[in-house]
Amino acid sequence: RLVEAVLADAGVSEAFREAPAAKQLHHAWLGGLLEHVVSLIGLADRVVPHYPILMRDLVLTGVILHDIGKIRELAWATGFEYTLEGQLLGHIQIGASLVEKTMDALPGFPPRLKTLVLHMILSHHGRLEFGSPKLPMIPEALMLNFLDDMDAKMQTLITEFEKSAKL
């Protein structure tokens, strides 16, 4: 219900399809954010069954929504730049706020689930020095951090290897 509600907003869903995942590093091209999320869904579908402690739906919700704030953090009309909101707040805060407003608008959204989903977004960078206001403290948040970090680093390496092969 939550993911459908977030993506039901036409402006959000259009931006989610178009946005880069980053200004320069991983998935830094139009549609890169969605490509990153699709990659993470594939990784989660392979890894989550290995760990029965994980709630699959919570991991997938985190995977889909963890970077949703990038649709307002970045501008991509004429190049990749940070918006004022992106510079001053960052995608983690922007995303948590967007998702929290959506949860508050859903009648009967479970308070405990709200806390868990927000924790997934707030902790997905895994370390305070990497911009996460919280460290991952539930198994699903830790898994999201590992998958997100691995996918970003692997895509960065792939891009760099492709650049060097063209030289």
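**Close-up views of a predicted model**

**View 1. Helix 3 and helix 4 pack at an angle of about 160°, with their axes 9 Å apart.** Helix 3 is therefore roughly antiparallel to helix 4, an angle over 145 degrees being counted in that class. The crossing in which helix 3 passes helix 4 is right-handed. On the side of helix 3, the residues that meet helix 4 are Val37, Leu40, Ile41, Ala44 and Asp45, and their counterparts in helix 4 are Arg56, Val59, Leu60, Val63 and Ile64. By class, this contact of helix 3 with helix 4 comprises eight nonpolar, no polar and two charged residues. The model shown here and in the following views is predicted.

**View 2. Helix 3 comprises residues 32-47.**

**View 3. Gly79 lies in the loop that joins strand 1 (74-75) and strand 2 (81-82).** Gly79 counts as partly exposed because its relative accessibility is 29%, between the limits of 20% and 50%. Ile41 is 38 residues from Gly79 along the chain, and the C-alpha atoms of the two residues are separated by 28 Å.

**View 4. Thr102 belongs to helix 7 (residues 90-105).** With a relative accessible area of 15%, Thr102 is buried, since the class requires a value under 20%. When neighbours within four places in sequence are left aside, the residues in contact with Thr102 are Leu2, Ala5 and Val6.

**View 5. The axes of helix 7 and helix 8 (residues 111-123) come within 9 Å and cross at roughly 165°.** This angle makes helix 7 roughly antiparallel to helix 8. The crossing of the two helices is right-handed. Helix 7 contributes Ile92, Gly95, Ala96, Val99, Glu100, Met103 and Asp104, which meet Lys114, Val117, Leu118, Ile121 and Leu122 in helix 8. The contact of helix 7 with helix 8 divides into eight nonpolar, one polar and three charged residues.

**View 6. Lys134 is placed in the loop between helix 8 and helix 9.** Its relative accessibility is 39%, so Lys134 counts as partly exposed. Apart from neighbours within four places in sequence, Lys134 is in contact with His119, Leu122, Ser123 and Leu128. Lys134 and Leu98 are 36 residues apart along the chain, and their C-alpha atoms are separated by 18 Å.

**View 7. Helix 9 has 27 residues.** At 1.5 Å a residue, helix 9 should span 39 Å, and its end C-alpha atoms are 39 Å apart, in agreement with that value. Among the buried residues of helix 9 are Glu140, Ala141, Met143, Leu144, Asn145 and Leu147. Asp148, Asp151, Ala152, Gln155 and Thr159 of helix 9 are likewise buried. The partners against which the buried residues of helix 9 pack are helix 3, helix 4 and helix 8.

Terms used
Residues are numbered from 1 along each chain as its sequence is written. This is a predicted model: local features need pLDDT of at least 70, side-chain atom pairs count only at pLDDT 80 or more; totals for chains, interfaces and linings use all residues. Side-chain values use heavy atoms; hydrogens and water are left out. Helices (H or I, at least four residues) and strands (E, at least two) are DSSP runs, numbered from the N terminus. The expected span of a helix is 1.5 Å times one less than its number of residues. Buried means under 20% relative accessible area, exposed over 50%, partly exposed in between (1.4 Å probe, protein chains only). Contact means heavy atoms within 4.5 Å. Axes are lines fitted to C-alpha atoms, for helices over the stretch in contact, and angles run from 0 to 180 degrees between N-to-C directions. Angles under 35 degrees count as roughly parallel, over 145 as roughly antiparallel, 65 to 115 as roughly perpendicular and the rest as oblique. A crossing is left-handed if the near helix is turned anticlockwise from the far one by less than a right angle, and right-handed if clockwise. Ala, Val, Leu, Ile, Met, Phe, Trp, Tyr, Cys and Pro count as nonpolar, Asp, Glu, Lys and Arg as charged, and the others, Gly among them, as polar.
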